[in-house]
Number of protein chains: 2
Amino acid sequence: MTYCVGLRLNKGLVFMSDTRTNAGVDNFSVTKKMFTWNVPGERVITLMTAGNLATTQALVSLLDERSKVVAERNPTLLELPTMFEIARLVGSTLKEVISDSRPDGLEASSSFKASVILGGQVKGGGATMFMIYPEGNFIEITDDNPFFQIGEAKYGKPILVRAYDPEMSFEDTIKLLLVSFDSTIKANLSVGLPLDLQVYAKDSFEVIERPRIESGDKYYQAVSSGWGDALRNALAQLPGYELK
Amino acid sequence: MTYCVGLRLNKGLVFMSDTRTNAGVDNFSVTKKMFTWNVPGERVITLMTAGNLATTQALVSLLDERSKVVAERNPTLLELPTMFEIARLVGSTLKEVISDSRPDGLEASSSFKASVILGGQVKGGGATMFMIYPEGNFIEITDDNPFFQIGEAKYGKPILVRAYDPEMSFEDTIKLLLVSFDSTIKANLSVGLPLDLQVYAKDSFEVIERPRIESGDKYYQAVSSGWGDALRNALAQLPGYELK
């Protein structure tokens with residue numbers, strides 16, 4: 001499995017993904033699930049993937065290849081005029097990859113499925129985010145539904161539901177996401193460190209490379225070990241039940 | 001779905017279950033999932049069920065019927081000498097019900113499956129708890145694994161992992177369980193109020209009936225509305241991330 005979260009704030013977009021892939025419990029490794037394309041000053045596009053690794057790697061490679069070919073007939077990730085058009089392109093490419101993997105004459109296997117969170121900004125439009133399904137269709141982020149999760153989403157959802165605020169700073173959002181990831185990592189072996197992080201400030205059209213958050217990261221460790229105490233304090237704040 | 005938790009403390013056992021059953025999203029209702037048998041001064045047995053409703057109702061009815069027949073050849077829930085023997089009886093009855101539901105000549109459908117948390121105490125033994133699988137086998141609670149969850153367990157697990165302590169009072173445990181249930185109810189439509197609660201004080205061999213925790217319950221509402229603030233305060237306690 002996988003755990004990725006994309007959040008929209010008033011200030012911009014924040015993405016976080018884990019890096020564990022596994023087939024069973026023996027065969028696991030570290031794989032990047034976050035990919036970014038950037039035309040400085042003009043567009044930033046970030047993609048996070050969950051699902052069959054062959055499918056997601058093929059998707060990213062195809063999108064990447066096509067954006068490098070000089071005389072492509074169709075506009076690519078780096079040329080399409082809006083995020084909506086880019087979401088359509090990613091969706092149709094994803095559908096194409098999944099359908100190519102289907103054995104001839106058989107029904108599509110669910111095991112080739114993958115989901116994608118796509119976010120970014122193209123000059124002339126706003127910073128936005130999409131959740132793209134294996135069927136190639138997608139939904140856009142809204143004020144009522146201001147974050148997307150893919151993969152092992154359940155453990156880390158309650159804290160996001162409770163603590164998300166569109167006015168949050170990037171720093172507080174990263175803290176919140178680390179708590180959500182730490183809760184998931186503590187509960188599920190298929191999600192693991194290191195974590196990839198990307199913060200996109202609205203209208204900046206630039207990507208700031210950030211180091212991976214490794215298991216030895218001091219800040220991650222402080223959040224992980226401090227959260228237990230913080231939660232117990234939070235419980236202690238609540239009124240006590242009275243047993244009759 | 002369902003959400004049930006059984007916890008072992010040094011002081012005794014605590015059980016909580018929701019009451020929502022649903023087939024799809026249209027057909028939902030309130031159903032009791034917690035059942036208790038008591039021989040005052042001698043034994044207390046509590047059972048919580050998750051899974052196919054026809055299976056779990058048949059299981060409880062069979063266990064109940066057999067314990068009322070006067071001249072049963074085999075000892076029943078109310079006569080078996082240890083909790084271990086009772087777990088074996090519940091396991092074999094569960095397996096029998098599931099296998100009876102299987103259409104002739106077909107493989108067993110997973111949709112008749114059910115899981116059970118069984119806890120209690122029989123005079124001469126300690127207070128203990130078992131998780132019983134559809135196959136009829138089971139595991140016993142240990143110090144390393146001091147609580148069992150069945151049903152929609154993921155949302156409410158992180159808080160249990162972080163805040164459980166065997167030395168907790170019953171009052172604090174109920175508060176903790178309500179937070180775990182509230183996190184689940186806020187995230188998943190298939191788990192819903194009212195909640196059933198049972199607290200068993202070790203070596204008491206008595207059942208204290210408690211009212212259902214309904215959606216209008218003042219204490220539940222205080223925990224539910226207070227938890228958001230408490231969590232935000234907990235996050236604020238953690239050190240801040242420094243964006244470079």
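How many aromatic pairs does a search of the whole structure find over all chains? The answer is ten, and one of those pairs reaches across from chain A to chain B. Please keep in mind as you read that this is a predicted model.

**A ring pair inside chain A**

- Let's begin with A:Y3 and A:F181, whose ring centres are 4.5 Å apart.
- A:Y3 belongs to strand 1 (residues 3-8) of chain A, while A:F181 sits in helix 4 (residues 170-187) of that chain, so the pair ties together parts that are 178 residues apart in sequence.
- Buried or exposed, what is A:Y3? A:Y3 is buried, at a relative accessible area of 0%, and A:F181 is likewise buried, with a value of 0%.

**A ring pair between the chains**

- A:Y241 and B:Y219 bring their ring centres to 5.2 Å apart, and with planes at 70° the pair is edge-to-face.
- The pair joins two chains, because A:Y241 lies in the segment after helix 5 (218-237) of chain A and B:Y219 lies in helix 5 of chain B.
- Both partners have some accessible area and still count as buried: A:Y241 has 15% relative accessibility, and B:Y219 has a relative accessible area of 14%. The cut-off for buried is under 20%.

**A ring cluster**

- In chain A, ring pairs also link A:F84, A:F130 and A:F138 into a cluster.

**The contact between chain B and chain A**

- The contact draws 42 residues from chain B and 42 residues from chain A.
- Between them the two chains bury about 4,100 Å², and carbon and sulfur atoms account for 67% of that area.
- Polar links are present too: the count between chain B and chain A is four salt bridges, alongside 18 residue pairs in polar contact, both residues being at pLDDT 80 or more.
- One salt bridge to look at is formed by the side chains of B:K154 and A:E152, at 2.6 Å from N to O.

**The chain B side of that contact**

- Which elements of chain B each supply at least two residues of the side that touches chain A? They are helix 3 (157-163), helix 4 (170-187), strand 11 (196-201) and helix 5 (218-237).
- Helix 5 of chain B gives the largest share of this side, with 15 residues.
- Sorted by class, the side of chain B that touches chain A holds 24 nonpolar, seven polar and eleven charged residues.

How values were computed
Residues numbered from 1 in each chain as written. Chains lettered and ligands numbered in written order. Heavy atoms only, no water. Contact = heavy atoms within 4.5 Å. Buried area = accessible area lost by both parts, 1.4 Å probe. Polar contact = N/O pair within 3.5 Å; in protein donor to acceptor, adjacent residues only side chain to side chain. Helix = DSSP H or I, 4+ residues; strand = E, 2+ residues; numbered from the N terminus. Nonpolar A, V, L, I, M, F, W, Y, C, P; charged D, E, K, R; others polar. Phe/Tyr/Trp six-rings, centres within 6.5 Å; stacked < 30°, edge-to-face > 60°. Buried < 20%, exposed > 50% of the residue type's maximum accessible area, 1.4 Å probe, protein only.
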